[in-house]
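Biologist: I would like to go through this model term by term. For each label, please set the value against its criterion and then conclude.

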Amino acid sequence: MIPFLATIPILPILLATLVDRVPGIFFGLPLVALASLVFAATHHEDPAEIRFATVHWAVWLGGILGLVIAAVLLLGWFA
Amino acid sequence: MALARDKTPAPRIVAVSPDDGSAIDLRNPALAAALAWAVPGLGHLYQGRVFKGRLFMGAILGTFLAGMWLGGGKVVYASWKPGDTRWAFVCQAGAGIVTLPAVVQALQLHGVAKQPLLGSMFMAPPLVAGQYVSRGYADRLASADPDIDAEDFFDRPPLRQFRGEQVSHWQRRLGRWFDIGTLYTMLAGMLNILVIYDAWAGPLGTPTDADRKSRTTPKT
């Protein structure tokens with residue numbers, strides 16, 4: 001049973017559920033990427049540093065926004 | 001005796017790169033900032049910072065144009081009439097001269113002409129209830145806009161008076177795309193403010209003493 005459970009792709013299912021429930025997330029992702037790129041490029045000058053910082057900012061922005069959306073969804077679920 | 005001309009070169013205005021501590025020649029920072037507003041990334045190209053200039057130009061203009069496309073070309077307009085004050089335009093204006101047609105169209109529509117420039121609907125503000133427009137523009141709207149027909153205007157010679165709210169037609173027709181397009185164009189404009197600052201004063205990050213020390217101290 002446990003090996004079977006281990007094969008279920010939980011993360012993609014969670015992501016698909018989230019995207020289905022909040023369609024705006026799909027169109028918000030390019031904006032997160034844009035904001036990360038601009039934040040990184042206005043803090044650095046070297047192209048390699050800009051690329052690294054873009055990923056860094058994207059993780060932070062995506063994480064913070066994801067937490068906010070998750071909190072809103074949970075509150076809406078219990079309301 | 002002839003006075004010796006002062007041949008001291010003008011001081012260069014430079015910023016410090018936070019990555020390697022090198023100097024970044026800002027040339028004329030005010031001009032660079034103005035160019036960065038006019039066309040995102042142009043200020044950086046003027047300063048010789050080609051990589052960042054192309055990056056900003058592509059990213060910000062691309063997002064702005066994507067927003068225009070998603071919003072059916074209706075999301076960027078200037079309006080300051082009571083009941084339809086377009087606050088989003090304050091953010092969109094940060095994207096530069098691409099938003100100037102909206103100001104021109106608004107001035108034309110609210111001015112003596114009572115119609116946008118050349119009767120074009122491009123970036124023209126939506127009509128509000130009771131607004132007077134020229135006969136030519138009313139006829140053009142009735143023929144080109146699927147949500148408007150001749151019965152939507154009162155005849156007030158030599159003008160016509162609109163009866164409805166054009167922005168609600170747009171929102172009904174476009175649905176969520178109106179808001180998404182508005183968001184894309186607003187964000188493009190707001191992020192260009194950071195780009196303008198970068199052109200004026202260099203990168204926001206400044207190397208700390210620890211950064212400088214880690215670069216100069218050999219790792220054991």
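Modeller: A nonpolar core is a set of buried Ala, Val, Leu, Ile, Met, Phe, Trp, Tyr and Cys residues joined through C-beta atoms within 7 Å. Note also that this is a predicted model. The predictor gives the complex an ipTM of 0.80 and a pTM of 0.83. Chain B has an average pLDDT of 87, and 88% of its residues score at least 70.

Biologist: Which residues of the largest nonpolar core touch the most other members?

Modeller: They are Val38(A), Ala36(B), Ile60(B), Tyr77(B), Leu191(B) and Val195(B), in a core of 47 residues. At least two residues each come from H3 and H4 of chain A and from H1, H3, H5 and H8 of chain B. H8(B) gives the most, with eleven residues. Apart from this core lies another, of eight residues, including Leu127(B) and Phe162(B).

Biologist: What is Tyr77(B) in contact with, leaving aside its neighbours within four places in sequence?

Modeller: Its contacts are Arg86(B), Phe89(B), Ala102(B), Ala106(B), Met123(B), Ala124(B) and Pro125(B).

Biologist: How do you know that the span of H3(A) agrees with its number of residues?

Modeller: The expected span is 1.5 Å times one less than the number of residues. H3(A) has 20 residues, so the expectation is 28 Å; the end C-alpha atoms are 28 Å apart, and the two values agree. H8(B), with 26 residues, reaches 38 Å from its first C-alpha to its last, close to the 38 Å expected.

Biologist: Which residues of H3(A) are buried, and what covers them?

Modeller: The buried residues include Leu31(A) and the run from Ala35(A) to His43(A). Their cover includes H4 of chain A, together with H3 and H8 of chain B. Over the whole of chain A, 20% of the 79 residues count as buried. For chain B the share is 37% of 220 residues.

Biologist: How many residues does each chain bring to the contact between them?

Modeller: Chain B brings 21 residues and chain A brings 14. On the side of chain B that touches chain A, H3 and H8 each supply at least two residues. H8(B) gives the most to that side, with seven residues. By class, the side has 14 nonpolar, three polar and four charged residues.

Biologist: Why is Gly202(B) called buried?

Modeller: The cut-off is 20 or more other C-beta atoms within 10 Å. Gly202(B) has 24 such neighbours and therefore counts as buried. Gly202(B) lies in the loop between H8 and H9 of chain B. Just after H8(B), Gly202(B) takes a positive phi of about 90°. Leaving aside neighbours within four places in sequence, Gly202(B) is in contact with Ala15(B), Val16(B), Ile24(B) and Leu26(B).

Biologist: What makes E6(B) and E7(B) a pair?

Modeller: Two strands pair if there are at least two bridges between them. E6(B) and E7(B) have four bridges, in the antiparallel sense. Phe154(B) stands opposite Gln161(B) in E7(B). A hairpin through two residues joins E6(B) to E7(B).

Biologist: Is the peptide bond from Pro157(B) to Pro158(B) cis or trans?

Modeller: That bond is cis, with omega near 0°. Pro158(B) is in the loop between E6 and E7 of chain B.

Technical notes. Residues numbered from 1 in each chain as written. Chains lettered and ligands numbered in written order. Predicted model: local features only at pLDDT ≥ 70, side-chain atom pairs only at ≥ 80, totals over all residues. Buried ≥ 20, exposed ≤ 12 C-beta atoms within 10 Å, placed from the backbone. Contact = placed C-beta atoms within 7 Å. pLDDT = per-residue confidence, 0-100. Nonpolar A, V, L, I, M, F, W, Y, C, P; charged D, E, K, R; others polar.
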